[in-house]
Amino acid sequence: MSKELEKAGLPVALISAMFPVAQQVRANRIVKGVSIPHPCGDPNLSKELDARLRREIIQTALKALESEVKGPTVFSPPVAMGG
Amino acid sequence: MIKIVHVVNQFFAGLGGEEKAGLAVGVIEGSAGAARGLEQKLGDEGKIACTVYVGDNYFHEHKEEALKAILDAVGAAEPNVLVAGPAFNSGRYGLSCVEICNAVANALGIPCITAMHEENPGVGTYREFVNARIYCLPTTEATTGMSDALARLARFAIRLARGEEIGSAAKEGYIGRGIRRIEKTDRRGATRAVEMLLKKINNQPFESELPMEVWDDAPPAPALARVKDRNIAVVTTSGVVPWGNPDKFKTYRNTYWRKYNIAELKELEPGKWEAVHGGYNVAYMNQNPHYGVPLDALRTLEAEGAIGPGKLYPAYYVIPGNQGSPTVMRRIGQEIAADLKKDNVEGVLFVAT
């Protein structure tokens, strides 16, 4: 799906915990998600920290959209991610 | 002697070209048109009970009636095998061959074989059907390969009619359907895996027992300058939908997408949204839908100025991605892209589970 969006000229920041698969299927802008059932955040964190982590992930995704890439590139949110 | 029904379009039945593409289903006793060629290749091992034809346009414009008439004709003839095509690079014909094979195999339990060029759109549908009773042989693009295609169809049809064991796609030369076959071997998995790995390390040819889907390369779309001035939308395969699942998504193999309004919302309240998806544990997503549609973070970034005012698209796009076939997902991607472009969206945040 994401590749069809890219083919239409829309840059896609793909937020996924399965970033090796995303690389393998050659998505171009890949943002590391936390885990498969909760890519945007971590229920093990406090509410505040969870919200902050989610903000970091989305900010990283926005940066990915601003970045020129030549092929599959993984962007990591600048925070340690728990379990 | 093996009995075969051969399905062809109006052209290969010898009835006419494009001007006859509206012809309804008809039955000719014995062989006509391309079926004569097939009968020759069968030699004295088989005969054509009847030739069933349908116009290329008629089939697609009256699919239900066409399939019903074809099923009636095939059912009455009671063949051992159904042959459709070869369709070469003709799109409508290729698609109808595959759909007819699928209908006959499912309704009558008769093994079916067709043939077409690998770029024919019918091949995509054939792969989508994943029907163990249908085989599709590759052909040339143009009809110059007719004689060879008919010869291979005849050989394959005879083997199918005799109930012979058909091996893997790689071995038998049909187009792979993505069906995992169970084979007996006296060499255990670990041994085979290590052997394969050693071959790979030594750059020797090896054959995977489970080939992966081949993905085409999309060149990266150009980056967005000043992302805060750009229209951004959220697309997700997480399956987060309004509570009650109003559009009745299934937990797997969905074939359509929806978009849901978030224009007036600051956040997604738990209990008003749910995740419909059979491929992961949805408990976390149900407790906090932001794990799939991070609206709270987007509003925060909007307030901070990282996303310009009014730049977040007023709806998010969703399909539960579980077991989506690549062909369907490509189409969904194309449809969503068209919808986004119509509303001048410039970049996509895609949350995949």
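1. Let's start where the two chains meet: in this predicted model, 39 residues of chain A are in contact with 43 residues of chain B. Two residues are in contact here if their C-beta atoms, placed from the backbone, lie within 7 Å. On the side of chain A that touches chain B, helix H1 (2-7), strand S1 (12-16) and helix H3 (47-66) each supply at least two residues. H3(A) gives the most, with nine residues. Helices (H or I, at least four residues) and strands (E, at least two) are DSSP runs, numbered from the N terminus.

2. What is the make-up of the side of chain A that touches chain B? Its residues divide into 21 nonpolar, eight polar and 10 charged. In this count Ala, Val, Leu, Ile, Met, Phe, Trp, Tyr, Cys and Pro are nonpolar, Asp, Glu, Lys and Arg are charged, and the others, Gly among them, are polar.

3. The chains also share strand pairing. S1(A) runs parallel to strand S12 (residues 347-352) of chain B, and five bridges join them. A:Leu14 has B:Phe350 as its bridge partner in S12(B). Two strands pair if DSSP finds at least two bridges between them.

4. A word on reading the model. Residues are numbered from 1 along each chain as its sequence is written, while chains are lettered from A and ligands numbered from 1 in the order in which they are written. As this is a predicted model, local features need pLDDT of at least 70 and side-chain atom pairs count only at pLDDT 80 or more, whereas totals for chains, interfaces and linings use all residues.

5. On confidence, chain B averages a pLDDT of 94, and 99% of its residues score at least 70; pLDDT is the predictor's confidence in each residue, from 0 to 100. For the complex, the predictor gives an ipTM of 0.95 and a pTM of 0.59.

6. Chain A has three helices and three strands, and from the N terminus on its elements run α-β-α-β-α-β. Of its 83 residues, 49% are buried. A residue is buried if 20 or more other C-beta atoms lie within 10 Å of its own, exposed if 12 or fewer, and partly exposed in between, with C-beta atoms placed from the backbone.

7. Chain B holds 11 helices and 12 strands, and 41% of its 353 residues count as buried. Among its contacts between residues at least 6 apart in sequence, 74% join residues at least 24 apart.

8. Have a look at strand S4 (residues 81-84) of chain B. B:Val81 and B:Val83 point one way and B:Leu82 and B:Ala84 the other, and all are buried. S4(B) pairs in the parallel sense with strand S1 (residues 2-9) of chain B over four bridges, where B:Ile4 stands opposite B:Val81. S4(B) also pairs in the parallel sense with strand S5 (residues 112-116) of chain B, over three bridges; here B:Leu82 stands opposite B:Cys112. From S4(B) the chain crosses through helix H4 (residues 91-108) to S5(B), a right-handed β-α-β crossover. Right-handed means that, with the strands pointing away from the viewer, the path from the first strand over the helix to the second runs clockwise.

9. Is B:Lys272 buried or exposed? B:Lys272 is exposed, because 11 other C-beta atoms lie within 10 Å. This residue sits in the loop between strand S9 (258-261) and strand S10 (273-275) of chain B. Leaving aside neighbours within four places in sequence, B:Lys272 is in contact with B:Pro242 and B:Trp243.
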